[in-house]
Amino acid sequence: MSEQSQRPKTAHEIRRAFLDFFAARDHRVVKSYALIPPDDPTLYFVNAGMVQFKDLFVGARPVEYPRAVSCQRCLRVSGKHNDLENVGRTPRHHTLFEMLGNFSFGDYFKEGAVRMAWEFLTGVLGVPAEKLHVSVHPDDSEAYSLWSDEIGVPEARIHRDPQNFWAMGDTGPCGPCSEIHIDLGPEMSGGVELPYGDPAADNRYLELWNLVFMQYERSEDGTLTPLPKPSIDTGMGLERITAVLQGHTSNYGTDLFMPIMERVAARAGVKYGADERTDTALRVIADHSRAAAFLIADGIYPDNEGRGYVLRRIMRRAIRFGRILGIEEPFLVDTTAHVIERMGDVYPELSDGRETVHRIVLEEEKRFGRTINAGIKRLDEEIGRLRASGESVLDGRVAFELYDTHGFPPDLTALILEDHDLRFSQEGFDTAMNEQRERARAASRFGTGDLSAYQALVESGLSTTFVGYDSGVADSAIAALLVEGQRVPQAATGQRVEIVVRRTPFYAESGGQIGDVGVITGAGEPPVRVRIEDTQRPFGDLVVHVGTVEQGTLREGVEVRLEVDADARLSTRKHHSATHLLHHALREVLGPHVRQRGSWVGPHRLRFDFSHSGAMTPEEIARVDLMVNELILANEPVHTDLLPFDEAIARGAIAFFEEKYGDTVRMLRVGGHSTELCGGTHVRATGDIGLFKIVNEQAISSGVRRVEGVVGMDAVRWVQARDAMLRATAERLNVSAEQIVGRVEKLLEDRKALAQELESARTAAQVARVSSELSHARQIGEYRVAALRLDGVPGRDLRSVGEDLRSRIGSGALLLVAVDGDKVSLLVAATPEVSGRLPAGKLVGQLAPLVGGRGGGRPDLAQAGGTEVGGVDEAVRAFYAAAEAALAG
């Protein structure tokens, strides 16, 4: 067998070859992180291979291995890297992609990175060396020499580019980079020989691999200081290199996409390559199916905000392109299943989440299927109006209406308009969106604060060790004091301070558990006493104790005693352990699709958010409640083990993607039922919890539910309060507790009957009043018309009232107007002699917009509703004018 035939060709083989190549060179193979960024509020999604190593590069946690290699799944949906509307229209735009990367944390530097990249490309993959070009920063003579002198790349194929500089942010680690490009040949530039760097040759010279040399620290004033331990961060897109090795000019021609497109094409009865419009649809569906499968498997569900809204946009865009192919029934449920089938062996999260992906995708397809036709009908009406008027821009408020009412993401509306050479006003859309946000939405959950002061402490070598698992008391020296974000040498009575020590028994807020409270005391005259109200971990392993100096003067460097509030800690431990039992019970009762989506654990209450598509029934709540209390009564031991992350996962521990884990993790085992990764504080045995009670269950977003509960004495007090309310209610009703439900049902029935009688009496009085007003009806020729007010009469009763009054008017027409608060009901009734000349359905359709509504009906009887009470008088005038025009003469 020839060497060429043994080279990796399929995407799976290339991915495996990359990991094996670097593993053989002492790189730790690190599993791909989920698409949810690890404890990084600055990102919606993991968008590069280095994201999960970011805290290693900035020094926020110690390096446990000097070299790493990974194949990281990533998602980009906006910004300069990828605009969603380009996906499917260009050869290489994607939402989801896989990033191959090797990393060095203060180990090898430029020479190692350059040599290994070249060896892998030319030696392992067999990429012709003569087709490769490299670029370097103009000031990076070291990299230039490595490519020229050590690797032997001709100087004609080494290019200096001032854009070859990479930074993690405005400040922090940064450095020059070197990119490896491949020359795809003159046919990619129209058969014309164009040099590297010519804008017209962009498709010819394709970037394959970026090698970032992080060798500087950039300060706030822009000064670059050499790092003591330079690092390496590289990235190569699997889709691109696969296309090159498989001989395709488009990533979509590879085995990562073609099987999905062929499956959809067969279903739609089309052929890829026959028509650009259907080709685009097939490419979009293939790309978006991959993204949807991974997003859902990683615990993101369709929603109207945040990450869930990105998923919804992706899925609904794919559904729209399915309609272009003529597919009306759900199909994403099939294509995402195909993604799982093809990639589940590499990413086991896909296989584990197979049922959840199927359920969520099918629900979203059905949900959008119920609204898409109505939305398209509404948009078609507007398109027709724009064509008739010669306009080309749709009012942005209509686009917002489509988004808000029919679930059309704005890019989907833009896509449909584009087919008609139209667009919508983004300014109008934004105005409508901002108005709604002002009314209904709180600030974004992804806010960040200034962490520079804490980062500086960590970079100076300061860190905190938590020693509070076994004791709530510890002695340590004040390592740093901060007041209003500034480091100070001392703090006096009354000042609010932030205190850093090297050893603390105080648990810093993380994993949903709130920070400990307590006191810090020290010697002095008078003795120092600081009331600690919160404990946080703002950066790396730095723990900050937030509180107020109650007595004395606190100075940096002095020894102090730290004492956690024992009662608050004990109660918090009980609530935290109960959340683990609750999670287990929810998965048992509702199904394995349940995943923790967030939690909050305090000394008097717990909150647990989880993935589930519908409200829990009273029976399900009771079963979960009972199961948790059975586990508490079993008094099973709670064990914690420190072990490698991969081993913990292999033992069945549940990890949460929003959390950041090191190589060594703390695994919590509650009896033989719950096994999760958790660094929080817990009880010794389940019996210590005492009692558990669910006090509330509700939806917090699409596909996410929230359970609130209490344990221990808080649960006892809650039950006692409910019992007191029950006894008080029974006393007021003069029945036993067991009879309360029956008595309340009887009272509600009586109240409903009385309300109906009262409403009927009011309606009868109104009808009697307006009946007498018919004698004053206007005479128009041989017909009589009248507009009558029936305020207070429910809209549902207007029909019967209108039919009754129509029979009394003789020959003519009636307008009935009923105002109830901010609601307006209109009814037009016409006798047979008039309905042909003055159709009620047409007339009420003309009157309804005057009161801010819509309506319609038969020629003899039609009804409408609105919300603009101020338009009633105008509607009455319009009624008489229409009657005069239709019936006079």
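These legends accompany a set of close-up views of a predicted model.

**Figure 1. The whole protein, as a starting point for the close-ups.** The predicted model contains 25 helices and 35 strands. Its C-alpha trace spans about 105 × 85 × 55 Å along the principal axes. Of the 889 residues, 51% are buried. Among contacts with a separation of 6 or more, 68% link residues 24 or more positions apart.

**Figure 2. The largest nonpolar core and its neighbour.** This view takes us to the largest nonpolar core, which has 119 residues. Phe18, Leu75, Leu121, Trp147, Trp209 and Ile241 have the most contacts inside it. The biggest contribution comes from helix α8 (residues 276–297), which gives 12 residues. A second core of 29 residues is separate, and it includes Val785, Val844, Val851 and Ala875. As general background, nonpolar side chains tend to be buried together in soluble globular proteins.

**Figure 3. The surroundings of Trp209.** Leaving aside residues up to four places away in sequence, which residues does Trp209 touch? Its partners include Phe18, Phe22, Phe120 and Leu121, along with Ala117, Ile180 and Met236. Trp209 also touches Asn102, Ser178, Glu179, Thr234 and Gly235.

Figure 4. A closer look at the strands shows β26 (residues 664–670) pairing with β27 over 4 bridges, in the antiparallel sense. One of the residues to look for is Val670, whose bridge partner in β27 is Ser674.

**Figure 5. Helix α17 from end to end.** The 25 residues of α17 reach 36 Å from first C-alpha to last, close to the 36 Å expected at 1.5 Å a residue. Is α17 largely enclosed or largely open? It is largely enclosed by the rest of the structure, because 20 of its 25 residues are buried. At the start of the helix, a side-chain oxygen of Asp565 comes to within 3.2 Å of the backbone nitrogen of Asp567. Just after the helix, Gly591 has a positive phi of about 130 degrees.

**Figure 6. Helix α10 and its buried residues.** Helix α10 (residues 332–343) has 12 residues, and its end C-alpha atoms are 16 Å apart, in agreement with the 16 Å that 1.5 Å a residue should give. Leu332, Val333, Thr335 and Thr336 are buried in this helix, as are His338, Val339, Ile340 and Met343.

**Figure 7. Arg307 and the backbone of Tyr44.** Arg307 sits in helix α9 (residues 306–324). With a relative accessible area of 16%, Arg307 counts as buried. A polar atom of the Arg307 side chain lies 2.4 Å from the backbone oxygen of Tyr44.

**Figure 8. The β28–β29 hairpin.** Strands β28 (residues 692–701) and β29 (residues 704–711) run antiparallel and are joined by 8 bridges. Look for Lys693, which stands opposite Val710 in β29. The hairpin has 2 residues between its strands, and Gly703 takes a positive phi near 80 degrees.

Figure 9. A cis peptide bond joins Glu525 and Pro526, with omega about 0 degrees. Pro526 is found in the loop between β18 (518–522) and β19 (528–539). Asp26 has a positive phi, near 70 degrees, although the residue is not a glycine. Asp26 lies in the loop between α2 (11–23) and β1 (28–29), and at 63% relative accessibility Asp26 is exposed. Asn635, another residue other than glycine, has a positive phi near 55 degrees. Its place is in the loop between α18 (618–633) and β25, and Asn635 is partly exposed, with a relative accessible area of 44%.

Terms used:
Residues numbered from 1 in each chain as written. Heavy atoms only, no water. Pairing = 2+ DSSP bridges. Core = buried A, V, L, I, M, F, W, Y, C linked by side-chain atoms within 4.5 Å. Buried < 20%, exposed > 50% of the residue type's maximum accessible area, 1.4 Å probe, protein only. Contact = heavy atoms within 4.5 Å. Polar contact = N/O pair within 3.5 Å; in protein donor to acceptor, adjacent residues only side chain to side chain. Expected span 1.5 Å × (residues − 1).
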